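Dear colleague,

I am passing on the structure we spoke about, and I would be glad if you could look through it before reading my notes. The notes follow below it.

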Amino acid sequence: MKPARTPRKYIAPAHWAELPKGENCREALENAIKPWFAKMYGFHLLKIGNLSAEINAESCAISHQVNVSLAGEPAQVRADPLHLPFAEKSIDACLLAHTLPWCPDPHRLLQEVDRVLIDDGWLVMSAFNPISLLGLGKTVPFLRRSPAINNRMFTLMRQMDWLSLLNFEVLHYSRFRVLPWTREGGKLLNTHLPALGCMQLIVARKRTIPLTINPMKLRRTKPRVRQAVSATRQTRQP
């Protein structure tokens, strides 16, 4: 398994239109996120990356939405996503729409998101599925130059493992769009073979109570009962 951190610099697309059938991918992603946006409440929604900024979040009850990116037209705050200029626990929800595929240090990015999210804050993240037709395209030399293939693809389980280390509770995960070159992505294949979907989505919440109990820590916090002092039976003298 290749390390998540890499010195290589990836140039992220400025718009979904720069990806092959990118507008169709954006529309499919918006439809997948929309039911979860309706459940989010708070004051601040943070969109990290240019692709995140173009995601329609009108169904979200959080009115104040901030776009953060190093460059691009939709960006409202120019900043490095690996060093977010926000205070700790100041963001209610965060959107990483295909931000990890072009990030040189995904661990650092998720740690920054964890830092700025409030307790029980929402995290929505999407990426490309390596176990798909797009992932298979990495083995074809003349296809590697395509922006949809020339990026980093992480498996769904690996991303969920990163979130578990940060004590995030995954509420939903899915894969869709088995056929990326069609508008609907292949309805029949999406129903029967969703694991081969080219796009994947994770919805999680930041938890403050550990999701798994550490037996060693539980043993240390359990109060100890002192043993009774041994006493000898005395016989009554006549």
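**What was found**

Among contacts in the chain (heavy atoms within 4.5 Å) between residues at least 6 apart in sequence, 68% join residues at least 24 apart. Please keep in mind that this is a predicted model, in which local features need pLDDT of at least 70 and side-chain atom pairs count only at pLDDT 80 or more, while totals for chains, interfaces and linings use all residues. Residues are numbered from 1 along each chain as its sequence is written, and side-chain values use heavy atoms, with hydrogens and water left out.

**Confidence and overall layout**

The pLDDT (the predictor's confidence in each residue, from 0 to 100) averages 87 over the chain, and 87% of the residues score at least 70.

The secondary structure comes to seven helices and seven strands, where helices (H or I, at least four residues) and strands (E, at least two) are DSSP runs numbered from the N terminus. Read from the N terminus on, the elements run α-β-α-β-β-β-α-β-α-α-β-α-β-α. Of the 238 residues of the chain, 44% count as buried, where buried means under 20% relative accessible area, exposed over 50% and partly exposed in between, with a 1.4 Å probe and protein chains only.

Helix 1 (residues 22-37) has 16 residues and reaches 21 Å from its first C-alpha to its last, close to the 22 Å expected at 1.5 Å a residue; the expected span is 1.5 Å times one less than the number of residues. At Asn 31 helix 1 bends by about 25°, and Pro 35 follows within four residues, the bend being the angle between axes fitted to the seven residues ending there and the seven starting there. The buried residues of helix 1 include Gly 22, Cys 25, Leu 29, Ile 33 and Phe 37, and the buried residues of this helix pack against strand 4 (91-97), strand 5 (117-128), strand 6 (168-176) and strand 7 (199-206).

In helix 3, the buried residues are Pro 106, Leu 109, Leu 110, Glu 112, Val 113, Asp 114 and Val 116. They pack against strand 1 (44-48), strand 4, strand 5, helix 5, strand 6 and strand 7. Asp 105 is in the loop between strand 4 and helix 3 (106-116), and counts as buried because its relative accessible area is 14%. Leaving aside neighbours within four places in sequence, Asp 105 is in contact with Arg 5 and Leu 82.

**Arg 152**

Arg 152 is found in the loop between helix 4 (133-136) and helix 5 (156-165), and it counts as buried because its relative accessibility is 9%. The C-alpha atoms of Arg 152 and Leu 100 are separated by 7.5 Å, although these residues are 52 apart along the chain. The side chain of Arg 152 reaches the backbone oxygen of Ala 4 at 2.4 Å, and a polar atom of that side chain lies 3.1 Å from the backbone oxygen of Cys 103.

**Two positive phi values**

Most residues other than glycine have a negative phi. Lys 21, which is not a glycine, has a positive phi of about 55°; Lys 21 is found in the segment before helix 1 and is partly exposed, with a relative accessible area of 44%. Arg 177, also not a glycine, has a positive phi of about 65°; Arg 177 is in the loop between strand 6 and helix 6 (187-192) and counts as buried, at 2% relative accessibility.

Note on methods. A polar contact is a pair of N or O atoms within 3.5 Å; within protein, one must be able to donate a hydrogen and the other to accept it, and residues adjacent in sequence count only if both atoms are side-chain atoms.
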